[in-house]
Amino acid sequence: MHDIRALRDTPDLYEKAWAAKGRSGAAAEALALDQQVRAARTASEAAQARRNELSRRIGQAKAAKDETEAARLLAEVEALKTEAAGDAEREKAAEETLRDLLASLPNLPAPETPEGEDESGNVEVRRWGEPFALAAPRNHADLGEALDLMDFEAAARMSGARFVVLKGRLARLERALGQFMLDMQTLEHGYTEVSPPLLVRDAAAFGTGQLPKFSEDLFRTTDGRWLIPTAEVSLTNLVREQILPAEVLPLRLTALTPCFRSEAGASGRDTRGMIRQHQFYKVELVSITEPDQSDAEHERMVTCAEAVLKRLDLPFRTML
């Protein structure tokens, strides 16, 4: 949720950032709604002040036994009640619309982030290693099925599309990779391992930006909870509604969890293999730090992720 006070102070910054993400005019729309909220609130406060004054005068009129004046003032109070109710309704409606708008708007990109329509606009920051020269590369799904280590048909029979059964050495490799990554991040990079809940409430998903924008990409249970699409949701919510003393920061947290995504809108994309699965395992890294340390902590986190690929001798490119 964006802070309306920051938007009031630097509207041009927000408008430029949102326009780059296809939401041109959003800043002006939000500020107009904010003005409606403030105007309705001001009117409501003025009406309440007037009612207080009238109540005082009614008491004076009754003390003076001026029933005619007291009745006139009472009628004005009743009219103000109706007016105040309308102001309150307008304020509530504008607040709800503003809150929904701010919740739907994307984060502001870092100033150095390149603009582009898709991944072709990304910029290479660095690369490590040389890609392997394979004489006859094979699709991972074909290879896994040929080795009898992947079974997409069995998964489809029990669960539908976008699932896979891993068997034998490949199931063991998946388990070993997760353990390897956890050990590396905890023993070498100072992260604390967490085993978090996989089901969260609305507020937890909203607080990490999954709701409302990505509601269609999540799985929801019949009792209103959400299956996590990433352990980031659970790890970040560990500090929900808390004020942390600076001396405990940074908090560096990691978790290996199943992740669940409905992949809404992914029809026809990456239909074969283990990409865009409804269920998969992932090791997540989350840092809680002070704002002025955010950029440095992010770079450290990227380095921790790159270290995994280097240790596995997997060539990679780091992209902005």
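Which exposed residues does the face of H6 turned away from its buried side carry? Glu153 and Arg157 sit there, and the views below start with that helix. This is a predicted model, where local features need pLDDT of at least 70, side-chain atom pairs count only at pLDDT 80 or more, and totals for chains, interfaces and linings use all residues. Residues are numbered from 1 along each chain as its sequence is written, and side-chain values use heavy atoms, with hydrogens and water left out.

**View 1. The two faces of helix H6 (residues 152–159).** Helices (H or I, at least four residues) and strands (E, at least two) are DSSP runs, numbered from the N terminus. Phe152, Ala154 and Ala155 are the buried residues of H6; they share one side of H6 because they cover an arc of only 160° around the axis. The arc is taken from the directions from the helix axis to the C-beta atoms. Buried means under 20% relative accessible area, exposed over 50%, partly exposed in between (1.4 Å probe, protein chains only).

**View 2. What covers the buried residues of H6.** The cover includes helix H5 (140–146), strand S2 (150–151) and strand S3 (165–166), with contact meaning heavy atoms within 4.5 Å.

**View 3. Just after H6.** Here glycine 160 takes a positive phi of about 100°.

**View 4. Cysteine 259 and cysteine 304, each in no disulfide.** A disulfide is a pair of cysteine sulfur atoms within 2.5 Å, and the count by this rule is 0. For cysteine 259, the nearest cysteine sulfur is that of cysteine 304, 19 Å away. Cysteine 259 counts as buried, at 0% relative accessibility; cysteine 304 also counts as buried, at 4%.
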